[in-house]
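Colleague: I have a model open and want to learn how to read it. Can we go feature by feature?

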Amino acid sequence: PSSFERGKEYGTLVVLDRGVFTGPVPLPLMLDSLKPVVAIFVGNKDRAAELSCSPAFSAFLAEKLLPAAEKRFEFRRTRERTTILGSSLGGLAASC
């Protein structure tokens, strides 16, 4: 968020289908008008394999991506304030 402060706790939004939400749906602009949230936009190498309820992809998000983002950008998050969002197949993956 534009008002980002290192070390502070933020709600976290993991956005699958990065191309949809940074192109036709201008999510970064929309998020600027809401409560501060850290948004992580995720692209895919193999969308069908990764977003079809893949245990490996889910583990990557939980065990690698989110901890790496917290460390790199020095913010805190909680499981209760972490949301995963996607479009179509990404929406399926968000529910797995």
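Colleague: Which backbone nitrogen lies 2.8 Å from a polar atom of the side chain of D17?

Modeller: That of S87. Keep in mind that this is a predicted model.

Colleague: Where does D17 lie in the chain?

Modeller: In the loop between β1 (11-15) and α1 (18-22).

Colleague: Is D17 buried or exposed?

Modeller: Buried. Its relative accessible area is 5%, and the cut-off for buried is under 20%. Leaving aside neighbours within four places in sequence, D17 contacts V42, N44, R47, L51, G86, S87 and G90.

Colleague: Next, the sheet. How do I read strand pairing?

Modeller: Strands of a sheet pair through backbone hydrogen bonds, either parallel or antiparallel. Here three strands form an open sheet, ordered β2-β1-β3, with parallel pairing. β2 and β3 (82-85) are the edge strands, each pairing on one side only. From one strand to the next, the twist averages 20 degrees.

Colleague: How many bridges join β1 to β3?

Modeller: Four. For a landmark, find T12, which stands opposite T82 in β3.

Colleague: And the nonpolar residues?

Modeller: In soluble globular proteins, nonpolar side chains tend to be buried together. In this model the largest nonpolar core has 14 residues; V14, L16, I40, V42, F57 and L61 have the most contacts inside it. β2 (37-41) and α4 (55-73) each supply at least two residues of this core. α4 gives the most, with five. Another core, of six residues, lies apart from it; V15, L27, L31 and V37 are among them.

Colleague: What does L61 touch?

Modeller: V14, L16, V42, L66 and P67, not counting residues up to four places away in sequence.

Conventions:
Residues numbered from 1 in each chain as written. Predicted model: local features only at pLDDT ≥ 70, side-chain atom pairs only at ≥ 80, totals over all residues. Heavy atoms only, no water. Buried < 20%, exposed > 50% of the residue type's maximum accessible area, 1.4 Å probe, protein only. Polar contact = N/O pair within 3.5 Å; in protein donor to acceptor, adjacent residues only side chain to side chain. Contact = heavy atoms within 4.5 Å. Core = buried A, V, L, I, M, F, W, Y, C linked by side-chain atoms within 4.5 Å. Pairing = 2+ DSSP bridges. Axes fitted to C-alpha atoms, helices over the stretch in contact; angles between N-to-C directions.
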